[in-house]
Amino acid sequence: MKIAFVASEVVPFAKTGGLADVAGSLPKEIKEFGHDIKVFMPKYFSVDEKRFGLEYISWIGSIPIRVSGRSLDVHFHKGYLPNSRVEIYFIDYPRFFHRHTIYTNDIDEDERFILFSKAVIELIQKLKWKPDIVHLNDWQTGLIPLLIKDNYSWDKIFNKTATVFTIHNIGYQGSFPKETLYKAEINPRFFESPGQVEHEGKLNFLKAGISFTDIITTVSETYARELLLPEYSFGMHHVLNYRSEDFYGILNGIDYNIWNPETDKHIPHNYSIKDLSGKLENKKELLKHFGLAFNGNIPVIAVISRLAVQKGFDILLSSMEYLMSLNFQLVLLGSGEYEYESAFNALANKYSHKFGIYVGYNNDLSHLIEAGADMFLMPSHYEPCGLNQIYSLKYGTVPIVRKTGGLADTVKDWDEMSALGKDTGNGYSFTDYNGYALTNAVERSIRDFHNKPVWKKIQTNGMNEDFSWKRSAEKYINLYKKASRK
Ligand code: ADP
Ligand code: GLC
């Protein structure tokens with residue numbers, strides 16, 4: 001099959017979160033199965049041509065792309081996903097993509113991704129490459145199924161093309177005033193009832209994706225079920241229930257070439273399930289990095305996260321004073337909403353002997369934290385999949401999570417499994433969204449940390465789990481086939 005995989009962020013070229021990890025690894029796995037897959041993303045300021053050996057596609061030169069009635073000259077570059085033969089194409093329009101951040105609140109945010117969507121389609125036309133599947137990800141690519149089915153339906157190159165649309169996070173929908181319809185040249189009849197692209201009076205890119213794609217997926221089975229409920233859907237449960245026969249949950253895999261304590265190049269001491277002594281050395285390095293004292297009997301709990309409402313920081317903040325009275329050390333790496341950054345900064349000042357913080361984005365440090373910490377905390381309000389808890393399992397860093405979305409599908413609570421007579425737990429989880437449930441799970445983990453054989457068992461259970469991409473890639477390929485048959 002020929003598959004175009006379209007995403008607004010891809011590791012190692014640009015990343016704000018897990019979407020980039022997925023877009024940088026799933027296509028490689030699909031290629032392994034013998035399919036012809038090409039990736040498409042915007043060429044942001046951060047995409048360094050020299051470092052990644054990108055080539056300007058001179059035989060194409062520029063293609064005029066129409067946005068808001070103007071014709072904008074877009075250029076293209078080509079490279080490869082590292083350690084693979086997967087081609088990646090970059091849509092180059094500096095006026096839109098050379099900004100301080102990947103996503104913006106600028107008034108032309110709609111135009112940026114309209115341009116991206118149309119440019120991907122027109123590049124595919126220029127390449128004379130007839131895709132069986134166009135696989136879209138999140139709202140930034142949500143208009144593409146409709147554009148292919150309507151605006152570009154005249155082109156025979158797409159007459160056998162089916163689309164798959166993956167929702168990584170329903171909290172971000174790309175919602176713009178009605179005028180955006182005209183900027184994208186979308187037929188206004190799609191805006192009128194029954195509102196295939198309209199939500200609360202606005203043009204909604206995510207809803208357009210859900211309405212017009214052949215198959216919809218999201219990144220865990222539990223999240224797929226949750227999204228049918230008003231509590232989790234941010235208003236999209238009607239359209240998702242309407243399309244529920246074409247809606248699937250497939251758990252993300254992770255790239256064990258990047259996230260593996262045996263081979264990780266970002267950590268000072270590699271280690272394996274057979275010998276965890278390197279982990280203790282990493283813990284010493286980690287604490288040194290944060291200026292905290294090492295004591296083998298005190299567990300280190302870590303958080304690495306976008307500081308966003310989704311991630312459960314309100315219940316964490318509400319329990320911080322109590323948590324700080326317990327005997328553990330906390331390290332936090334994150335950036336995002338100002339109110340969280342400043343609240344955590346203030347607490348780290350107050351409890352500077354036991355709480356280390358780094359506000360910002362730091363890839364190297366995220367690996368050291370995974371390797372050096374004893375537990376990893378993710379109290380998410382909702383979590384479509386979550387990758388850090390899966391990295392943590394591999395690193396013998398025991399996850400403490402709220403039981404939602406992908407967290408529920410990957411973390412098995414030690415006490416819950418024990419109550420069933422099984423010693424297969426690999427972490428701790430709690431259901432109620434409040435500080436009490438959170439602190440209870442943290443206290444249970446600290447209790448077991450001091451019981452060395454039990455702790456070793458929990459760590460080993462996690463390290464033995466296999467969340468590699470192979471199984472999930474097979475599921476996507478089956479869905480591609482199903483979509484093609486439709
Ligand atoms: P989300 O995509 O919702 O942010 P995920 O758990 O799927 O959540 O993925 C988050 C990814 O971003 C992980 O790879 C994590 O290590 C990384 N990450 C998040 N915040 C930071 C940060 N401040 N510094 C480095 N990496 C980060
Ligand atoms: C989103 C979700 C996260 C998921 C990631 C990759 O950003 O918030 O849970 O792991 O996408 O699918």
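**Close-up views of a predicted model**

**View 1. Helix 4 and helix 5 where they cross.** The axes of helix 4 (residues 109-127) and helix 5 (residues 144-151) come within 10 Å and cross at roughly 55°, where helices are DSSP runs of H or I with at least four residues, numbered from the N terminus, and axes are lines fitted to C-alpha atoms over the stretch in contact, with angles from 0 to 180 degrees between N-to-C directions. Helix 4 is therefore oblique to helix 5, the word for angles that are not under 35 degrees (roughly parallel), over 145 (roughly antiparallel) or 65 to 115 (roughly perpendicular). Ser117, Lys118 and Ile121 of helix 4 meet Ile144, Leu147 and Ile148 of helix 5, contact meaning heavy atoms within 4.5 Å.

This is a predicted model, in which local features need pLDDT of at least 70 and side-chain atom pairs pLDDT 80 or more, while totals for chains, interfaces and linings use all residues. Residues are numbered from 1 along each chain as its sequence is written, chains are lettered from A and ligands numbered from 1 in the order written, and side-chain values use heavy atoms, leaving out hydrogens and water.

**View 2. The surroundings of ligand 1.** Around ligand 1 there are 20 residues, of which Lys15, Gly18, Arg306, Lys311 and Gly360 come nearest, a residue being near if one of its heavy atoms lies within 4 Å. An oxygen atom of ligand 1 lies 2.8 Å from a polar side-chain atom of Lys15.

**View 3. The surroundings of ligand 2.** Ligand 2 is surrounded by 14 residues, and the closest are His168, Asn252, Glu383, Cys385 and Gly386. In the side chain of Glu383, an N or O atom is 2.5 Å from an oxygen atom of ligand 2.

Technical notes
Helix = DSSP H or I, 4+ residues; strand = E, 2+ residues; numbered from the N terminus. Polar contact = N/O pair within 3.5 Å; in protein donor to acceptor, adjacent residues only side chain to side chain.
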